[in-house]
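Subject: Structure handover

Hello,

Here is the structure we talked about. Please open it alongside these notes.

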Amino acid sequence: MTQRIANPCTPVRFRVVPPYFLLGIEYTAELIKKAEMIDKEFDIIIFGATSFVGQIMTRHIKEKFNNSSLNWAVAGRSKEKLKKLSKDIGLYEIKTIIADANDESALKALCARTKIVVSTVGPYALYGSTLVKICAETGTDYCDLTGEPQWIKKMQETYGKTAIDSGARIVHCCGFDSIPSDLGVHFLQQKALKKTGQTCNKINMRVLKMKGGASGGTIASIINLIKEASRNSKLRKELKNPYSLCPPSHNFTLFQSNIKVSYDEEYKSWIAPFIMAAINSRVIHRSNALSGNSYGTDFLYEEAVLIGKGKIGKWKAHFVNIGLAMVMAGLIIPPTRWLLQKFILPKPGQGPSEEEQLSGEYELLFTGTTSDGTKVKCRITGDQDPGYGSTAKMLAQSAICLAKDVPKNTKGGFWTPATIMGDKLTKRLISQAGLDFEIIDS
Ligand SMILES: NC(=O)c1ccc[n+]([C@@H]2O[C@H](COP(=O)([O-])OP(=O)(O)OC[C@H]3O[C@@H](n4cnc5c(N)ncnc54)[C@H](OP(=O)(O)O)[C@@H]3O)[C@@H](O)[C@H]2O)c1
């Protein structure tokens, strides 16, 4: 597929800075940024290195880059916790930086020292906005793990132009939501174009296997979204719009109906809704919009979990669906939310054990259909549990891909993983992070 990488949202702006102006030269924001980046002390700073997922990511980067040319540092709000992390992991030489997520001047000083900030400080809607603002203003590249669509939209609307002007490349959703889905669709569309000369106007993803758990940070993000939505009717409406993260000028009109428990003829299996479908589909539609509608203006995408065959499969699918609805209802109602948080759900900083992470895995199947009915299929597998072991590796490799593989003159703005990193990240994930992408016949 010849992918057209477009500037997210607006045309390139030209900025004139005095010394260059005196020489009669006009520099683009990207060229200025490139010049300013040369002297930065670090390639990457991990902000929130002491979080549950941040610790796993820090170990991964240490393992992969211990003796190599990557200059990196860890940052967080607690000196003691950072010290303990460095000792536990054996990072005796690593530089540590103290910054609170609400401290603008500390974050400015942090951004002045690095080309890229990779953040696991969440819920992002509560603690992430100041950092995105500073990155956008200072032209510092940024990636994170958020899956909070309402916050992403707010950041895009508030700092989109600032990031374009400064040349900061901002990439949200670099974890299990939404890298496998976003890159899976990108991969399948390329294969479809090669095989049939056209892209697929419909793709569905089915979760065949997924073994892992949830962390306190993820639960806190879901609870915060539920709280925000319960007091904001505009947000509730926005959360129903699959194109809410697309630029306002998008011209997509088809609405995918929500997946309900049903029988999938293709897989001869009952299916149930997939909890990540909402954020993943929004990211994929944004990728389509940013790539000049390269998947088509009538492109539809949906995700579901394959449950099983026969009567047992049917009952299990209803059970999964009802279970999900009950947990959501429990989180919406304050007294049950309190009970769930107090006695059942993991607290911030907690998550699946190392054994659970290592024994986790996932397998996702994608089927694309072109307008003449030709089908193309692919499979993505990942080792370790999707939400933490694998997510930490995906986020680390995204930051490294931004630092090392993405051309420095790629424009600033709010990108998606597929549009800014695409195949470069796919290659890294296969060679460094335990993922596999393959085309399948049936
Ligand atoms: N996309 C995905 O697939 C995916 C997967 C997993 C997690 N996530 C998201 O990633 C985020 C992290 O998850 P987690 O389970 O690792 O969370 P966590 O363990 O609860 O960690 C939260 C981090 O935020 C830091 N923090 C909180 N307030 C701060 C402040 N004011 N200033 C500086 N740092 C502050 C905490 O610092 P201390 O260590 O000092 O307490 C901690 O490091 C969550 O938003 C979660 O939803 C996404």
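Strand S3 (residues 42–47) and strand S4 (residues 72–76) pair in parallel, with four bridges between them. Phenylalanine 47 faces alanine 75 of S4 in this pairing. Bear in mind that this is a predicted model.

Where do these strands sit? They belong to an open sheet of seven strands, ordered S5-S4-S3-S6-S7-S8-S15. The pairing in that sheet is parallel. Strand S5 (95–98) and strand S15 (413–415) form the edges, and each pairs on one side only. From one strand to the next, the twist averages 20 degrees. Helix H8 (residues 149–166) packs on the sheet. H8 touches strand S7 (141–144), strand S8 (169–171) and S15. The directions of H8 and S15 make an angle of about 135 degrees.

Next, strand S9 (residues 202–211). S9 runs parallel to strand S12 (residues 300–308), and six bridges join the two. S9 also runs antiparallel to strand S13 (residues 361–369), joined by nine bridges. In S12, tyrosine 301 stands opposite isoleucine 203. In S13, glycine 368 is the bridge partner of isoleucine 203. As a reminder, strands of a sheet pair through backbone hydrogen bonds, in either the parallel or the antiparallel sense.

Now the ligand. Which residues come closest to the ligand? Of the 29 residues that surround the ligand, the closest are Thr50, Ala101, Asp177, Ser215 and Ser221.

- Threonine 50: an N or O atom of the side chain lies 2.6 Å from an oxygen atom of the ligand.
- Alanine 101: a backbone N or O atom is 2.8 Å from a nitrogen atom of the ligand.
- Aspartate 177: an N or O atom of the side chain is 2.6 Å from an oxygen atom of the ligand.

How much of the ligand does the protein cover? On its own, the ligand has 930 Å² of accessible area, and the protein covers 93% of that.

The shell around the ligand has 13 nonpolar, twelve polar and four charged residues. Several helices contribute to the shell. Helix H3 (52–65), helix H6 (124–127), helix H10 (216–230) and helix H16 (386–404) each supply at least two of its residues.

That is the handover. Send questions back whenever you like.

Best wishes

Terms used. Residues numbered from 1 in each chain as written. Predicted model: local features only at pLDDT ≥ 70, side-chain atom pairs only at ≥ 80, totals over all residues. Heavy atoms only, no water. Pairing = 2+ DSSP bridges. Near = heavy atom within 4 Å. Polar contact = N/O pair within 3.5 Å; in protein donor to acceptor, adjacent residues only side chain to side chain. Areas by Shrake-Rupley, 256 points an atom, 1.4 Å probe, with all protein chains shown as cover. Nonpolar A, V, L, I, M, F, W, Y, C, P; charged D, E, K, R; others polar. Axes fitted to C-alpha atoms, helices over the stretch in contact; angles between N-to-C directions. Contact = heavy atoms within 4.5 Å.
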